[in-house]
Amino acid sequence: MSSLAKDFSKAMSQAGTSPFQEAIRQELEYSMKVELDKILATAPENELEHTKKDLEGFKKLFHRFLQEKGPSVDWGKIQRPPEDSIQPYEKIKARGLPDSIASVLNKLVVVKLNGGLGTSMGCKGPKSLIGVRNENTFLDLTVQQIEGGLKLLSPWVLPVPDVNDEDRESGEDRYPRINKESLLPIAKDVSYSGENTEAWYPPGHGDIYASFYNSGLLDNFIGEGKEYIFVSNIDNLGATVDLYILNHLMNPPNGKRCEFVMEVTNKTRADVKGGTLTQYENKLRLVEIAQVPKAHVDEFKSVSKFKIFNTNNLWVSLSAIKRLQEQNAIDMEIIVNPKTLDGGLNVIQLETAVGAAIKSFENSLGINVPRSRFLPVKTTSDLLLVMSNLYSLHAGSLTMSEKREFPTVPLVKLGSSFTKVQDYLRRFESIPDMLELDHLTVSGDVTFGKNVALKGTVIIIANHGDRIDIPPGAVLENKIVSGNLRILDH
């Protein structure tokens with residue numbers, strides 16, 4: 001670690017702000033400026049303006065990173081949100097649909113956050129290009145949802161900005177990764193090829209507000225009479241335009257419009273790390289696990305105290321974004337995301353999250369939506385669920401099959417042999433029947449033949465050196481299948 005970075009780390013562990021701390025901050029900022037100026041000097045003429053804007057944005061983020069100290073929330077100030085600040089979806093739905101569906105849809109812009117690389121699933125390129133159902137990718141399903149809306153309703157707009165996309169084309173935003181030891185960029189120039197591909201990252205979806213504003217899209221949409229954006233992750237297959245929520249936004253019961261609506265849903269044990277809505281200094285605030293002091297992490301994860309989490313389905317007023325951007329008043333906490341590069345170098349990337357801006361808006365609201373509006377695909381275990389007969393596909397939207405007796409989603413845990421999409425696909429001749437499944441755990445070298453049915457609790461474990469081939473047509477109900485293919489009652 002450089003002596004300067006060591007001094008900074010030591011100084012930040014001390015209470016208060018001393019002249020020593022301030023001197024170190026200023027020196028680190030100066031060193032960063034020198035390095036960024038060197039990088040900017042390598043930009044070709046046609047990329048100069050865009051690169052300059054990116055590096056200026058990063059410089060501001062780095063300045064805030066040096067100012068912030070420890071967890072960014074005072075745990076003593078965190079309170080449960082007032083009851084009326086999180087409305088049940090049923091109450092929103094009970095108000096019915098708008099008189100003119102076309103007129104409210106014409107006020108809406110749909111934005112899909114394209115996601116970074118599907119690295120957690122062993123993919124090169126953006127996750128949105130992974131096949132999900134019948135060779136349809138996330139992007140295909142999104143387009144089908146939109147086309148369904150166009151046929152049924154009225155024209156509306158779908159910009160799909162690569163706001164958070166590591167498969168970078170010229171013109172997309174990118175920030176430099178910094179060495180964890182020296183706190184300086186690892187990039188030596190602006191190129192995005194060879195060794196330098198790992199030197200850059202997309203700045204996180206919190207960048208959407210500035211991107212919309214700086215690109216001129218925001219003014220264009222406002223000029224066309226648009227009033228709200230609906231933002232969601234492209235890998236959340238449950239995030240479709242909801243006309244009941246849109247009606248609530250456009251025709252609020254108390255006459256006062258919300259500037260920001262966050263869809264939340266009830267936590268399960270699988271969601272304990274998800275960001276939760278709290279009341280903090282008289283405002284709704286999204287608190288992420290990275291912001292929580294270590295002594296309170298277990299309390300944060302508690303399903304009894306914090307019952308809901310953020311789905312990242314967000315509805316935001318365009319005029320409010322414009323006002324806050326012009327006032328430079330959108331405040332989002334910095335997420336410090338540590339990474340280890342292929343060569344073993346430890347780096348950090350500074351990001352912001354789109355939902356964290358909720359505290360900057362007026363009259364914000366949480367809506368507690370059904371779990372069906374949160375159907376993310378982060379792993380191959382999630383992928384198995386959405387590819388199975390648990391769901392039916394209509395106009396790009398997945399809905400739980402009516403043939404399933406229980407509305408709950410089975411718990412699926414696939415082992416490391418299934419992590420990469422290409423390995424996962426190779427291990428299933430066809431996707432098993434999972435309509436009656438409660439819990440599936442698979443570990444080791446396991447393959448599935450055609451037309452297998454899984455029911456109840458099924459645990460399949462191939463020990464090291466063993467291989468288990470589930471034969472075609474097998475029906476496993478409440479079974480444990482061990483390394484020597486003994487089938488035992490569970």
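Predicted model: local features only at pLDDT ≥ 70, side-chain atom pairs only at ≥ 80, totals over all residues.

Reader: What makes W75 and F306 an aromatic pair, and why is the pair called edge-to-face?

Author: Rings of Phe, Tyr and Trp (its six-membered ring) pair if their centres lie within 6.5 Å; planes under 30 degrees apart are stacked, over 60 edge-to-face, and the rest tilted. The centres of W75 and F306 are 6.1 Å apart and the planes stand at 70°, so the pair is edge-to-face. By this rule the count is 14 aromatic pairs.

Reader: Which parts of the chain does this pair tie together?

Author: W75 lies in the loop between α3 (48-67) and β1 (78-79), and F306 in the loop between α10 (297-301) and β13 (308-317), so the pair joins parts 231 residues apart in sequence. Helices (H or I, at least four residues) and strands (E, at least two) are DSSP runs, numbered from the N terminus.

Reader: How do you know whether W75 and F306 are buried or exposed?

Author: Buried means under 20% relative accessible area, exposed over 50%, and partly exposed in between (1.4 Å probe, protein chains only). W75 has 10% and is therefore buried; F306, with 4%, is buried too.

Reader: Why is the pair of F418 and F428 called tilted?

Author: The planes of F418 and F428 are at 55°, with the ring centres 5.8 Å apart, so the pair is tilted. F418 is buried at 0% relative accessibility, and F428 is buried at 8%.

Reader: What makes R427 count as lying over the face of F418?

Author: A charge sits over a ring if NZ of Lys or CZ of Arg is within 6 Å of the ring centre and within 35 degrees of the ring normal. R427 lies over the face of F418 at 5.5 Å from the ring centre. K267 lies over the face of F300, at 5.2 Å from the ring centre.

Reader: Why is α7 called roughly perpendicular to α11?

Author: Helix α7 (residues 208-215) and helix α11 (residues 318-326) pack at about 90°, with their axes 10 Å apart. Angles under 35 degrees are roughly parallel, over 145 roughly antiparallel, 65 to 115 roughly perpendicular and the rest oblique, so α7 is roughly perpendicular to α11.

Note on methods:
Residues numbered from 1 in each chain as written. Heavy atoms only, no water. Axes fitted to C-alpha atoms, helices over the stretch in contact; angles between N-to-C directions.
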